[in-house]
Amino acid sequence: YLKISKLALAFAIIHSKPPGKSSKEYTEYLAKTVSEQDFGWKWKVQVLEAEVLRLRQELLLNRIAPRFCLENNTSAETLLGRESVNPTSYSSQLEDSGCDVCNDSTFDSLGTASDFHQSEQNVNISQHRLEGVPPLNLCHPSKEKSLTAPVQFLQCLLEIRKLSEGGILQADFSELENDSFTICNSVSQLLDGLTVFYNSPKFPAPSFLTEGVSVLISLITDTKLSNHVLKKCFKKMEEFKKNLIQIILRNKSVNRFQALHSVSETLGLLGRNNILRNSLISLLLLEIRQFAEQLLQAHQVQSVYDITQYENIFLLCMILEQLLQNETEESNISSSDYGGEEKIKFLKNLDQIILHLSDEFPLFSLYLWRVSVLLNSGQMQ
């Protein structure tokens with residue numbers, strides 16, 4: 001049947017092709033026309049899905065805290081359309097040398113660390129009025145809008161949380177259990193948007209990017225909201241961490257260190273959450289172990305290795321070391337309680353790897369040794 005259908009379509013195209021145009025050209029023209037129509041329908045579906053999500057966000061906010069909108073004389077649509085409060089101007093510029101690693105203030109140049117603390121002040125609704133925006137435009141959403149939409153909704157959620165904690169507002173966060181779709185999709189949009197911008201960073205960093213990171217960190221560190229978010233979006237968070245690790249490893253641009261440093265800082269902030277920390281440690285152990293084994297194999301057969309990936313791996317080593325140090329300092333227990341299977345694989349034959357690589361790659365061998373000490377004893381010797 002399929003062969004007959006294809007043959008009939010071919011005859012129909014040949015029979016109906018206009019004069020002066022070959023069958024191939026006419027077929028390509030028809031294919032392009034159909035694909036454009038298909039893209040148009042897909043775009044309409046995306047617009048409608050975005051509108052449905054926006055309405056569900058409004059409804060969820062009203063269910064959690066109906067008085068939130070009434071007391072501030074603003075609609076839920078206005079809440080979702082709020083612009084970022086006190087946008088910060090980031091003046092840092094891209095370093096002009098790919099060999100120049102940025103200083104400790106680089107992360108603040110992207111605004112994430114400072115914005116994380118600033119967000120604690122921004123959530124006070126009594127100090128700021130929310131401004132309205134026009135209704136949804138049925139036009140192609142920019143990357144900025146795709147990120148700011150979930151950020152605005154989650155900011156409202158955090159503001160309600162702060163007001164309820166202070167006894168100013170009554171809120172029922174059990175509604176989050178009844179509407180997992182909305183919270184999951186909002187967090188997923190935020191993580192996808194952050195991944196896109198980390199893949200193609202701009203300097204100075206746009207305020208909506210730094211605000212997105214700030215909202216994400218606030219969500220996973222909030223005592224009430226983090227359980228709801230992580231329970232429903234754990235797989236997405238895991239995927240996000242894996243994407244960030246690959247962004248660090250695979251980036252080959254000359255002027256990459258400032259951008260990669262900001263990604264590493266975001267991973268470090270995610271690692272502050274106890275639930276995310278253990279899985280992040282396992283992911284880092286896996287990547288570093290695999291690279292060490294590949295480097296050893298290349299060294300033994302005297303083959304070439306990826307020098308760019310070798311440079312980038314040190315960021316992962318530094319993140320891992322910091323996470324292990326934080327774990328032991330906060331819990332005051334041996335690091336043998338975390339790492340699991342990846343810890344065992346990492347430590348297996350590690351002494352032999354360090355022995356063979358120490359002459360040619362002393363710095364990397366030193367990092368491997370430092371990590372192994374932390375894994376074995378829970379503290380630096």
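What follows is a friendly conversation about a predicted model.

Biologist: Let's start with the whole chain. How many helices and strands are there in the protein?

Modeller: The protein has 17 helices and zero strands. Buried residues account for 47% of its 381 residues. Of the contacts between residues at least 6 apart in sequence, 79% link residues at least 24 apart.

Biologist: Now to another pair. Why is helix 10 called roughly parallel to helix 12?

Modeller: Helix 10 (residues 207-221) and helix 12 (residues 257-270) pack at about 15 degrees, with axes 10 Å apart. Angles under 35 degrees count as roughly parallel, and therefore helix 10 is given that description relative to helix 12. Their crossing is right-handed.

Biologist: What residues meet there?

Modeller: From helix 10 come Val 213, Leu 216, Ile 217 and Ile 220, and they meet Thr 266, Leu 269 and Leu 270 in helix 12. The contact of helix 10 with helix 12 has six nonpolar residues, one polar and no charged.

Biologist: Let's turn to helix 15. How do you know that its buried residues are on the same side?

Modeller: The buried residues of helix 15 (residues 340-347) are Glu 342, Lys 343 and Phe 346. They cover an arc of only 105 degrees around the axis, and this puts them on the same side of helix 15. The cover over these buried residues includes helix 13, helix 16 (350-357) and helix 17. Exposed Glu 341 and Ile 344 are carried on the face of helix 15 turned away from its buried side.

Biologist: Why is Phe 346 counted as buried?

Modeller: Buried means under 20% relative accessible area. Phe 346, found in helix 15, has 3% relative accessibility, so it counts as buried. Leaving aside neighbours within four places in sequence, Phe 346 is in contact with Leu 285, Ile 288, Arg 289, Leu 368, Val 371 and Leu 375. Phe 346 and Gln 290 are 56 residues apart in sequence, yet 8.9 Å apart in space, C-alpha to C-alpha.

Biologist: And what makes Lys 236 buried?

Modeller: Lys 236 has a relative accessible area of 19%. The cut-off for buried is under 20%, and so Lys 236 is buried. Its place is in helix 11 (residues 225-250). Beyond neighbours within four places in sequence, Lys 236 is in contact with Ser 188, Leu 191 and Asp 192.

Biologist: What about a loop residue? Why does Ala 65 count as buried?

Modeller: Ala 65 is found in the loop between helix 2 (23-64) and helix 3 (66-71). Its relative accessibility is 0%, and therefore Ala 65 counts as buried. With neighbours within four places left aside, Ala 65 is in contact with Ile 160, Leu 169, Gln 170 and Ala 171. Ala 65 and Asp 172, 107 residues apart in sequence, are 6.6 Å apart in space between C-alpha atoms.

Biologist: Why are Gln 302 and Asn 349 called exposed?

Modeller: Exposed means over 50% relative accessible area. Gln 302 has 64% relative accessibility, so it counts as exposed. Asn 349 has a relative accessible area of 51%, so it is exposed as well. Gln 302 is found in the loop between helix 13 and helix 14 (307-331), whereas Asn 349 is in the loop between helix 15 and helix 16.

Biologist: What is phi in each of those two?

Modeller: Most residues other than glycine have a negative phi. Phi of Gln 302 is near 60 degrees, a positive value in a residue other than glycine. For Asn 349, phi is also positive and near 60 degrees, and this residue comes just after helix 15.

Methods. Residues are numbered from 1 along each chain as its sequence is written. This is a predicted model: local features need pLDDT of at least 70, side-chain atom pairs count only at pLDDT 80 or more; totals for chains, interfaces and linings use all residues. Side-chain values use heavy atoms; hydrogens and water are left out. Buried means under 20% relative accessible area, exposed over 50%, partly exposed in between (1.4 Å probe, protein chains only). Helices (H or I, at least four residues) and strands (E, at least two) are DSSP runs, numbered from the N terminus. The arc is that of the directions from the helix axis to the C-beta atoms. Contact means heavy atoms within 4.5 Å. Axes are lines fitted to C-alpha atoms, for helices over the stretch in contact, and angles run from 0 to 180 degrees between N-to-C directions. Angles under 35 degrees count as roughly parallel, over 145 as roughly antiparallel, 65 to 115 as roughly perpendicular and the rest as oblique. A crossing is left-handed if the near helix is turned anticlockwise from the far one by less than a right angle, and right-handed if clockwise. Ala, Val, Leu, Ile, Met, Phe, Trp, Tyr, Cys and Pro count as nonpolar, Asp, Glu, Lys and Arg as charged, and the others, Gly among them, as polar.
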